[in-house]
Each structure stands twice: as C-alpha cells, then as structure tokens.
Amino acid sequence: MNNLAPKLTSEQYENNFTEIHPAFNQNQATVEANRCLYCFDSPCMKACPTHIDISTFIKKIATGNIKGSAKTILESNWIALTCAKACPVDVLCEGACVYNERGEKPIEIGRLQRYAIDWYFEHGMPSLFTPTPKNGKSVGVIGAGPAGLACAAELALLGYDVTIYEGKDLPGGLDTMGIAPYKMSYMDSLKEVKLVESFGVKIKTRVWVGTTITLAETAQMHDAIFLSIGLGNSPDLNIPGEHLEGVCDALEFIENVTTRNWNSVDVGKRVAVIGAGNTAIDAATEAKRLGAEQVMIIYRRSEEEMPAYEFEYDLAKRDGIVFHFLTAPSRIIGNGQVEGLECVKMKLGMPDVKGRRTSHSIPNSEFRIPVDMVIKSIGQKPAESFLSQISNLKFERGKIWVNTETMQTSHPKYFAGGDCINGGKEVVNAAADGKRAAHGIDEYLFSRK
Ligand code: SF4
C-alpha cells in the first residue's frame, strides 16, 4: 500500500484501544445496584431479546450474592459477557429503564451484568448447572458463533451429544473476530467458549463443512443440525479499481485488529470507508486508532437513513471521522495501488420495499478525494452456494426462513439462528435464537409438543 500511516508505540496502541466502558469495582457495583427500583414486570427485561431477569440479578448484586446473580444471567443467556460489553444497551435494556421517563440516568445494566459475569470467570466458573443424563441423541452445530454456542450449551445440558464445526482457527465467530477491541477483548469471547466446552460440547476448529467434510456426511452423523453460519462475503462494489492493492473488506480488517497485533496491521494515511453501518463505524474508528491521519465515511444516503446506532455515530465523530453523506463511490483510482476515490453526489428518491429512501446519482457531480486505502463495508451476502446443498430450504428476502418459535427451517432436520436468518443483528439476538433452537430441536427429536 502507498503512503502507510507511521506505526505507533505499544503504549500508544494500548492507550488508543483501552476499553471505553471500564469495569465497576465492588463499591460502584453495589451503589449502582441499589439505585435499581426492582420494577414489577420490568420493561428492561422485556426489552432484552434473551429476557434476562434483570431486576433479580441486580438485587443479588446489591445483597452481595454475585454467584447467584451470575446464575440468573446465565440461565437466560450463555453469551452474557459479550452481550454486557458489546450490546447496544441504549436501545435495548437501558433504553427501556424507567429512569429514562423521569429524565434521569438509566441503571447501567450492561456494566452490572459484566460485574457479575467477570466475577464468575475470575472465580474459575463455579458449577451452577447440572446436565441431565445423556439421551443418546446427537446434534451437529455448524458455526461456533454466539448462536451456535448458545444452542450447543443448552442442548448439552438437555442431555445431547453436541459437536460444533468451525472453519476458523478460533471459535466464537464475530464475538472473537469482529468486535472492536475498545469494546471488548477477543479473550472474553474465548471465556464463553470455555464455559460451553465445560458442559461437554466438542468444538472442531479448522473444519469447514462443505469443504473439509461434506454437509451430507455431517448430516448423517447427527440427528439434527443447527445452522449458525452467519453470512458470507461482502458483495462487490462493482466499480472500476475494486481490486487495487489497498482495497479491503471491513470484516477482514477488523479481524486483523481484533487479534491485538496492532503493529502488524497496515493502515493508510488517508482512509475511506464505504458504508455507514455499525461495522463501517468500527472499521473507521479502528483505522483512526491505528494511526491513520484522515478517515472518512462515504455513504450514499443522508444522516437520517444511516444504519449505525447513534452512540456509534457519536463515537466516530469524537474520533474525528469525517462523514460524506449523499455520496457514492464511482471509481477507485490508482496504478496498482489505491491513490484516490472518485465519487458522485447523490439525491434521495422514494422509499424502497424496506421503507428506506432510495438514492440516485446527480449527473456531472463527480469529484475526487485523495485516499490511500478503501475499506468496503456494505453488508454481507447470504452463503448461497453452501445453503443450496440443503434440499427444500426456503428463503425469505434472501434469509433462511424459520418457524420463529422453534427455529426449524423448511427442512425438518435443519434448524437455524443468528445472522443467517436475520441478515445481521446483535449478539444478543443470536444468543436468544440459539437457546430457542435448542428447545425446538428437543421438541422435534422427542416429539415433546
Ligand atoms: Fe431496575 Fe430500570 Fe429495570 Fe426498573 S427498569 S428494574 S429501575 S433496571
């Protein structure tokens, strides 16, 4: 790549990637827990996709029963540490807290949850759950992300023999490889993997179902299959220059940053990120924290249509990221390596089928921005060729269709959850899907309905 940003010192990297939400100490946790009103029929619990009994776990923290608090949390959510650190709590539990209505600061539910779960891992994962005896059935889980881990944990406790197949070197999916290090370390995700393994779940890494072993072989070995395969690669921008050196995919870039070998990740001095979702914001702020001098987000619609959460947008602005709204890339310029980006101005049109306004280019509005690196973050495609191997699999708007009560697909042996059914939501949605699917599989295999 041309024009690399100079490397920083280890101290600067550590400083730039310090966690933005530090942990509570015991005193802070107790004070915050005592602020909770322990609402009857609490709105925070309803707002959480895993329906953690929030008022109960907070009450237990207030009374010093941290182990009991961790148990209450884990009974609903096996991915509780990642969720505590990476969930958009402002729009979920904390956004629903009754304190908001009074114009006061909501209870810091995420940090309290983290306090209890940190305690649990720091105390060596004391035994809280007793698996039921083995029932002789086996389930294969494809993908070791949050949905797969949650499904596997729940099934193992229900007495199933569970094997997770994961293509990457490390399990955890996007929790391990896709969360900005200033939100959480990938090592937190690996603690959750250890917890799931402690229930007897086998995890086979570097095994790509469909390549290392066939899907048919996998299906033959198990009584049911849970698909937690996430999404496939990013679609192409379909503009000239896309294959120049210096163009990369946001998730690949974030994956390199997440492993904390910051010195080994090259970043340009001037970086353009295409797209304005939460992943785009992560990529932009990470590029800035790695030492890029100028980082900009290029988005074809206006600020109002931007898919990123408000707190992510605020974070990016605080990091000095420049936003070019109503702007689309039309060409990446360079001679072997990225040297600039040609863009075109856009205007908004009528809403599309999803209700989002379309955007159209304005003739003769082309302009150039000098950049050294382009990061593509325009979403991910479903893993179509892999899924085409499953007969009678029904899709809805490009996502796998499931019965939302049982998570069963149109092929009775296959269940699915997480990004592959919702197109890319939160970790907590994946955790909820995985748990629900485990009970759906249990009903299916033992006709318990
Ligand atoms: Fe506590 Fe707020 Fe939940 Fe009420 S809504 S139980 S105050 S966290």
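User: In which hand does α14 cross α15, and how should I read such a crossing?

Analyst: Two packed helices are described by the angle between their axes and the distance between the axes. A crossing is called left-handed if the near helix is turned anticlockwise from the far one by less than a right angle, and right-handed if clockwise; here α14 passes α15 in a left-handed crossing. This is a predicted model, in which local features need pLDDT of at least 70 and side-chain atom pairs count only at pLDDT 80 or more, while totals for chains, interfaces and linings use all residues. Residues are numbered from 1 along each chain as its sequence is written, and side-chain values use heavy atoms, with hydrogens and water left out.

User: At what angle do helix α14 and helix α15 pack, and how far apart are their axes?

Analyst: Helix α14 (residues 278-289) and helix α15 (residues 310-318) pack at about 20 degrees, with axes 10 Å apart. That makes α14 roughly parallel to α15, a term for angles under 35 degrees. Contact means heavy atoms within 4.5 Å, and on this basis N278, I281, D282, T285 and R289 of α14 meet E312, Y313, L315 and A316 of α15.

User: Is V344 buried or exposed, and which residues does V344 touch?

Analyst: Buried means under 20% relative accessible area, exposed over 50% and partly exposed in between, with a 1.4 Å probe and protein chains only. V344, in strand β10 (residues 338-351), is buried, with a relative accessible area of 9%. Leaving aside residues up to four places away in sequence, V344 touches L326, T327, A328, S330, S361, I362, S365, E366 and F367.

Definitions and conventions: Axes are lines fitted to C-alpha atoms, for helices over the stretch in contact, and angles run from 0 to 180 degrees between N-to-C directions. Helices (H or I, at least four residues) and strands (E, at least two) are DSSP runs, numbered from the N terminus. Angles under 35 degrees count as roughly parallel, over 145 as roughly antiparallel, 65 to 115 as roughly perpendicular and the rest as oblique.
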